[in-house]
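Thanks for asking me to look this one over. Open the model beside this note and follow along.

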Amino acid sequence: MRKRSSTEVFRITGARQSLADDVRGRQRRYIISMSVRTLSVILTVVLWNVERPVALVTLVLGVLLPYVAVVIANAGRENAPSLPSTFVPAPVRPAIAPAPAPVATESARPTGE
């Protein structure tokens, strides 16, 4: 039989994402952002002599996106104070009450005669 002690119990839903999953997610976001940047640079070259205003927009996007991608990729693993506490106190089990003592009645009492 296991000995029960007052240990801390943690909710699984409150657990942080593993470091490997966090890094994988950040790498995925960075690759997506850099793919959009590459596409915008290619569109800039293709549209430069055809549609100059659209080409300028894609050029600005291609210039600004690396900074945004790095900031987004580096965001993460900070302590979020708004998350609920993950500590859940161990449940307290009520003790079993002792059986009531038998009540003596007059018929069960010995008489003194």
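Here are my comments, point by point.

1. **Ground rules.** This is a predicted model, where local features need pLDDT of at least 70 and side-chain atom pairs count only at pLDDT 80 or more, while totals for chains, interfaces and linings use all residues. Residues are numbered from 1 along each chain as its sequence is written, and side-chain values use heavy atoms, with hydrogens and water left out.

2. **The overall layout.** You'll find two helices and two strands in the protein chain. Going along the sequence, the order is β-α-α-β.

3. Of the chain's 113 residues, 12% are buried. Buried stands for under 20% relative accessible area, exposed for over 50%, and partly exposed for anything in between (1.4 Å probe, protein chains only). The chain exposes about 10,200 Å², and 65% of that comes from carbon and sulfur atoms. These areas are from the Shrake-Rupley method with a 1.4 Å probe; for residues, only the protein chains shown count as cover.

4. **Who touches whom.** A contact means heavy atoms within 4.5 Å. Among contacts in the chain with a separation of 6 or more, 76% join residues 24 or more positions apart. R28 belongs to helix α1 and is partly exposed, because its relative accessibility is 49%.

5. **Helix α1, end to end.** How far apart are the end C-alpha atoms of α1? They are 42 Å apart. The expected span is 1.5 Å times one less than the number of residues.

6. **The hidden side of α1.** Its buried residues are D22, G25, R26, S33, M34, S40, T44 and L47, and they pack against α2, residues 52-74. Take T44 as one of them: its relative accessible area is 9%, so T44 counts as buried. Leaving out residues up to four places away in sequence, T44 touches A55, T58 and L59.

7. **Salt bridges.** Side chains of opposite charge can pair when their charged atoms come close. The rule here asks for a side-chain nitrogen of Lys or Arg within 4 Å of a carboxyl oxygen of Asp or Glu, and two salt bridges come out of it. One joins D21 to R24, with the closest N and O atoms 2.7 Å apart; these two sit three residues apart in α1, about one turn of the helix. D21 is partly exposed at 33% relative accessibility, and R24 is partly exposed at 44%.

8. **The other bridge.** Are R26 and D22 buried or exposed? Both are buried. Their closest N and O atoms are 3.2 Å apart, and because they are four residues apart in α1, about one helical turn separates them.

9. **A nonpolar patch.** On the surface, W48, L56, L59, V60, V63 and L64 form a nonpolar patch with about 530 Å² of accessible area together. Patch residues have over 30% relative accessible area and no salt bridge; like charges are joined within 9 Å, and nonpolar side chains (Val, Leu, Ile, Met, Phe, Trp, Tyr) within 5 Å. V60 lies in helix α2 and, at 47% relative accessibility, is partly exposed.
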